[in-house]
Amino acid sequence: MDDRRRLDCDGRTNLSVATSDQTLGSSESERAAYAFLPQTPIKSTDEHLVEFSEAMRAVAKTLRQVAEGKAAAQAEAAEWKRKYELEKAVKAHKHHSVTKGCSNCDKDKLEQLASRLTLETPSVDPTSCCGNHEICSRQILQDECPGTSKNLHDKIVGRKAPFKLSWGCNGDNNGQHKHDFVSFEKGDITTAERSNKQILLKWESPPQTVLFVTKPNSNSVHILCAEMVRWLKEHNNINIFVEPRVSRELVTEDSYFNFIETWDDDEEMKTLHTKVDLIVTLGGDGTVLWAASLFKGPVPPVVAFSLGSLGFMTPFSSELYRECLDHVLKRPFGITLRSRLQCHVICDSAKNEVETEEPILVLNEVTIDRGMSSYLTYLECYCDSSFVTRVQGDGLIISTTSGSTAYSLAAGGSMVHPQVPGILFTPICPHSLSFRPLILPEYVTLRVQVPINSRGQAWASFDGKGRKQLGPGDALICSISPWPVPTACLVDSTTDFLRSIHEGLHWNLRKSQSFDGPAA
């Protein structure tokens with residue numbers, strides 16, 4: 001009885017050993033009962049309550065965020081509505097003042113409304129851009145290449161035709177290009193809306209000057225060039241520029257072509273972008289590369305007619321040149337902005353000074369190979385300040401996306417849409433099975449250096465020409481040029497690109513499988 005009274009008092013103390021069998025049996029049963037108490041579901045019930053309360057707090061937080069987002073959206077909508085009403089009021093007052101005259105009171109009210117809009121709308125520099133999420137040619141026309149002299153500008157043509165670039169089908173505003181690709185709002189990083197529309201070029205005034213660039217040593221191209229020049233002059237009164245070689249050929253053949261103009265030296269050629277509104281190429285992709293190399297700065301739009309063996313950048317047919325040129329000269333047309341690489345050669349003997357006076361611009365690729373050396377090319381590659389790899393093999397190709405269907409493709413690189421922003425990094429026969437091609441972002445700067453301990457030298461070529469020797473310690477710096485090459489589209493950028501790889505490379509061309517299914 002004393003042991004039971006002690007167990008009833010504390011409930012959790014160990015029981016003393018009883019002397020009698022009956023007392024021992026009773027104490028063991030009560031001890032088992034108290035041992036079972038901690039296994040009751042009270043603890044698990046508390047855990048479920050905690051989880052439920054946490055879930056409710058999460059729901060409340062989500063609802064609060066939704067309410068805040070809704071309030072912010074309503075506030076933004078109200079602000080846009082207020083601005084719209086102000087603009088509408090300004091337009092109504094302007095219309096009233098034109099039709100019935102405007103009193104002093106109305107004028108004061110109109111000025112107040114206009115001032116309110118001016119304070120709320122950021123000002124746009126009229127000399128820089130139109131401010132309508134478009135790219136204006138006025139920005140390009142005011143820029144000049146270094147070392148150009150202004151006294152050469154007045155020799156041939158006095159004015160260029162301005163134009164605008166817009167993102168949208170047939171110039172619709174709903175597809176305008178967004179300048180900001182990433183937005184940061186209320187602590188959240190999101191990818192801003194990007195336009196999937198075709199880039200359109202629309203002339204603000206009729207173009208006045210056309211430059212012809214032709215494939216040499218071709219009678220058919222020469223005859224077509226003379227015919228197109230005559231048609232443009234007689235039907236559109238267009239000023240014609242040609243290369244010095246073509247000028248001599250046409251003037252020698254017929255005195256009718258005395259009106260055509262050309263340039264006399266390299267200094268005058270540097271000012272071509274200030275005089276030429278449009279470029280017409282007659283040839284293949286090589287002719288387009290040559291035309292782009294004539295411009296060290298901004299490049300006018302290029303209309304490329306296919307008269308070569310391959311035509312990845314020449315979508316227009318020469319048989320329909322009248323319809324094509326008439327459309328390009330008088331109506332908006334799609335363009336593809338093809339990036340170019342600007343390359344600098346740095347010699348070790350020059351103490352990190354650039355050897356070339358101006359950057360070498362390439363539209364397809366720059367290639368670093370071993371030349372006549374029997375040794376493997378040994379190159380160290382850096383991307384910005386990060387080490388990339390050491391190239392041991394036949395060489396390396398640094399290509400634009402437009403050049404992805406050229407040498408880079410033959411070396412195992414991927415075909416890339418020309419408007420994808422990137423730089424292709426493709427090895428040539430590397431002495432490593434794990435060395436696969438890369439595609440790097442367009443904003444990086446690549447440095448390819450020949451190490452001091454290299455056994456041989458390397459050679460760099462730019463769009464297949466202008467080879468330069470790179471000795472131990474020399475380096476090549478490559479980055480994307482700010483001056484792309486705008487080429488006119490026959491349909492649009494994607495359609496023209498797919499057509500070129502289908503027709504030029506017969507990409508994935510095979511016989512379709514036959515259907516041998518069960519009979520109906």
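Two strands are counted as a pair if DSSP finds at least two bridges between them, and the strands themselves (E, at least two residues), like the helices (H or I, at least four residues), are DSSP runs numbered from the N terminus. This report applies these terms to a predicted model, in which local features need pLDDT of at least 70 and side-chain atom pairs count only at pLDDT 80 or more, while totals for chains, interfaces and linings use all residues. Residues are numbered from 1 along each chain as its sequence is written, and side-chain values use heavy atoms, with hydrogens and water left out.

## The chain as a whole

The protein chain has 12 helices and 23 strands. Of its 520 residues, 39% are buried, where buried means under 20% relative accessible area, exposed means over 50%, and partly exposed lies in between (1.4 Å probe, protein chains only). The chain exposes about 30,500 Å², and carbon and sulfur atoms supply 53% of that area; accessible areas come from the Shrake-Rupley method with a 1.4 Å probe, and for residues only the protein chains shown count as cover. If contact is taken to mean heavy atoms within 4.5 Å, then among contacts between residues at least 6 apart in sequence, 66% join residues at least 24 apart.

## A strand with two partners

Strand β12 (residues 341-346) runs antiparallel to strand β22 (residues 475-480), and six bridges join them. Within this pairing, Q342 has S479 in β22 as its bridge partner. Strand β12 is also joined to strand β13 (residues 360-362) by three bridges, again in the antiparallel sense, and here L341 has V362 in β13 as its bridge partner. In a regular strand the side chains alternate between the two faces of the sheet.

## Nonpolar cores

A nonpolar core is a set of buried Ala, Val, Leu, Ile, Met, Phe, Trp, Tyr and Cys residues joined through side-chain atoms within 4.5 Å. The largest one holds 37 residues, of which F212, M228, L232, I240, L282, F305 and L325 touch the most other members. Helix α6 (residues 219-236) gives this core its largest share, eight residues. Leaving aside neighbours within four places in sequence, L232 is in contact with V210, F212, N237, I238, I240, L325 and L329. Apart from this core lies another, of 28 residues, which includes V366, I368, I423 and L440.

## Aromatic pairs

Rings of Phe, Tyr and Trp (its six-membered ring) pair if their centres lie within 6.5 Å, and planes under 30 degrees apart count as stacked, over 60 as edge-to-face and the rest as tilted.

| Pair | Distance between ring centres | Angle between planes | Type |
|---|---|---|---|
| W231 and Y321 | 6.0 Å | 90° | edge-to-face |
| F305 and F316 | 5.9 Å | 50° | tilted |

Because W231 lies in helix α6 and Y321 in helix α10 (residues 321-330), their pair ties together parts that are 90 residues apart in sequence. W231 counts as buried at 11% relative accessibility, and Y321 counts as buried at 2%. The other pair in the table links F305 in strand β9 (residues 302-306) with F316 in strand β10 (residues 316-317), 11 residues apart. F305 is buried at 0% relative accessibility, and F316 is buried with a relative accessible area of 4%.

## Residues in loops

Several loop residues deserve a separate look. G284 sits in the loop between β8 and α9 (285-293) and counts as buried, because its relative accessibility is 9%. Not counting residues up to four places away in sequence, G284 touches L307, G308, L310 and T314; from C-alpha to C-alpha, G284 and T314 are 6.5 Å apart in space, although 30 residues apart in sequence.

H273, in the loop between α8 (266-269) and β8 (278-283), is buried at 6% relative accessibility. A polar atom of the H273 side chain lies 3.4 Å from the backbone oxygen of K270.

N237, which is not a glycine, has a positive phi of about 55° and is found in the loop between α6 and β7 (239-242), where N237 is exposed with a relative accessible area of 53%. D384, also not a glycine, has a positive phi of about 55° and lies in the loop between β15 (377-383) and β16 (386-399); with a relative accessible area of 40%, D384 is partly exposed.

Technical notes:
Polar contact = N/O pair within 3.5 Å; in protein donor to acceptor, adjacent residues only side chain to side chain.
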